[in-house]
Amino acid sequence: MTQRLHWQVLAERSARSGAVSGLLFLATSGCSKPLDSFNPVTPQGRAISALFIQVMALSALVLLAVTALIFYVLTRYRAGRDEREPSEVEGRRGLEIAWTILPAVLLGGLFVLTLQTMNAVDAASPSALRVKVVGHQWWWEYQYPDLGIRTANELHLPTGAPLKLEIEAADVIHSFWVPQFGWKRDAIPSRTNVMWVQVDQPGAYEGACTEYCGLQHAWMRVYVVAEGREQFEAWAERQREAAAPAEAGPTTRGLQVFLQNTCVNCHTVRGTPASGQLGPDLTHVGGRSTLGAGVLPNTAQNMQRWIQDAQAIKPGALMPAYAALADEELRALVDYLESLK
Ligand code: CUA
């Protein structure tokens with residue numbers, strides 16, 4: 001399993017919905033690693049990081065200078081035991097002008113640096129690949145309008161290519177944040193916020209929703225897979241295809257169970273009559289690494305738990321419990337869904 005989650009989020013999760021499933025996840029996921037804002041993998045992130053360091057260094061210098069001056073004044077003008085009230089000191093005009101102008105110059109410099117960074121980060125690229133990112137309670141929908149792809153919870157991107165993320169929300173305000181992209185943008189209903197990025201290094205990058213959006217805000221994880229052009233094209237090709245026709249045996253039975261139940265009200269599996277738009281597109285759900293926007297690794301066993309009682313795993317999610325399914329139906333359904341690679 002490539003999914004990595006850091007323990008703080010696990011702790012949050014455990015506090016929210018039972019320590020057992022949190023620990024289960026810890027046991028089944030790989031190493032854990034905190035979300036990392038200090039190693040940006042995009043030019044935009046590097047520009048923001050550079051500004052952060054410049055501001056930090058300048059602020060440190062100011063702090064040092066002010067502290068040194070205070071200590072100088074404290075020691076130099078310390079009253080002796082026999083001294084009386086100090087006499088009034090006349091203002092020094094030159095000094096006062098200097099300490100008014102100096103901060104103004106520093107702030108002016110920071111202003112220019114900030115404008116430069118904003119220009120670099122917001123620079124539009126007409127050839128960028130468009131990806132529509134839609135926040136839902138509590139999962140992410142990803143559409144690639146130019147490639148004819150609609151998927152969920154796992155954002156695949158080509159490396160070294162400019163990207164235009166068009167961030168929207170279907171219900172309440174969310175916020176799309178991948179620390180190593182260097183910046184984040186709110187996802188607001190009936191409005192599109194654009195975020196320009198170019199991911200330079202292949203890899204898996206984690207992020208999270210960072211605007212409190214309801215009970216399962218903590219389980220609205222972002223998972224990005226950045227890969228070379230060829231791998232990305234291959235992925236896109238697979239995603240464009242409709243679901244493979246159910247083979248004889250358990251998968252045919254599974255498709256039958258899927259179509260006979262209310263699954264179809266919310267989910268789409270392209271190539272079948274299921275065309276619900278409310279929940280994640282399941283056409284290639286078997287190929288994704290997690291279930292429920294990061295709440296569980298995608299295994300057959302977890303898929304079964306998720307279908308049987310999603311509410312026990314992610315209370316408040318719109319996915320209802322299918323406790324009434326017979327064992328045989330449930331197994332067939334899980335086999336079918338997991339076969340949708
Ligand atoms: Cu979506 Cu917080």
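1. A surface patch here is made of residues with over 30% relative accessible area and no salt bridge, and nonpolar side chains are joined within 5 Å. In this predicted model, one such nonpolar patch consists of Val62, Val66, Ile70, Phe71, Leu74, Leu102 and Leu106. Together these residues have about 640 Å² of accessible area.

2. Which helices supply the patch? Helix 3 (43-76) and helix 4 (93-122) each give at least two residues. Helix 3 has the largest share, with 5 residues. Phe71 is one of the patch residues, and Phe71 lies in helix 3.

3. Helix 3 and helix 4 also pack together. Their axes come within 9 Å and cross at roughly 170°. An angle over 145 degrees counts as roughly antiparallel, so helix 3 is roughly antiparallel to helix 4. From helix 3, the contact takes in Gln44, Ala47, Ile48, Leu51, Gln54, Val55, Leu58 and Val62. From helix 4 come Leu106, Leu110, Leu113, Thr114, Thr117, Ala120 and Val121. By class, this contact has 11 nonpolar residues, 4 polar ones and no charged residues. Val62 and Leu106 belong to this contact; Val62 and Leu106 are also listed in the nonpolar patch.

4. Helix 6 contributes Pro250, Thr251, Arg253, Gly254, Leu255, Val257 and Phe258. Helix 9 answers with Glu328, Glu329, Ala332, Leu333, Asp335, Tyr336, Leu337 and Ser339. The contact of helix 6 with helix 9 has 8 nonpolar, 3 polar and 4 charged residues.

5. Salt bridges come next. A search of the whole structure finds 12. One joins the side chains of Arg46 and Asp200, at 2.6 Å from N to O. Arg46 lies in helix 3 and Asp200 in the loop between strand 8 and strand 9 (203-209), so this pair ties together parts that are 154 residues apart in sequence.

6. Two backbone features deserve a look. Most residues other than glycine have a negative phi, and most peptide bonds are trans. Where is the cis peptide bond? It joins Gln137 and Trp138, with omega about -5°. Trp138 sits in the loop between strand 1 (129-136) and strand 2 (139-144).

7. The other feature is at Ser190. Its phi is positive, about 50°, although Ser190 is not a glycine. Ser190 is found in the loop between strand 7 (184-187) and strand 8 (193-197).

Methods. Residues are numbered from 1 along each chain as its sequence is written. This is a predicted model: local features need pLDDT of at least 70, side-chain atom pairs count only at pLDDT 80 or more; totals for chains, interfaces and linings use all residues. Side-chain values use heavy atoms; hydrogens and water are left out. Contact means heavy atoms within 4.5 Å. Helices (H or I, at least four residues) and strands (E, at least two) are DSSP runs, numbered from the N terminus. Ala, Val, Leu, Ile, Met, Phe, Trp, Tyr, Cys and Pro count as nonpolar, Asp, Glu, Lys and Arg as charged, and the others, Gly among them, as polar. Patches are made of residues with over 30% relative accessible area and no salt bridge: like charges are joined within 9 Å, nonpolar side chains (Val, Leu, Ile, Met, Phe, Trp, Tyr) within 5 Å. Accessible areas come from the Shrake-Rupley method with a 1.4 Å probe; for residues, only the protein chains shown count as cover. A salt bridge is a side-chain nitrogen of Lys or Arg within 4 Å of a carboxyl oxygen of Asp or Glu. Axes are lines fitted to C-alpha atoms, for helices over the stretch in contact, and angles run from 0 to 180 degrees between N-to-C directions. Angles under 35 degrees count as roughly parallel, over 145 as roughly antiparallel, 65 to 115 as roughly perpendicular and the rest as oblique.
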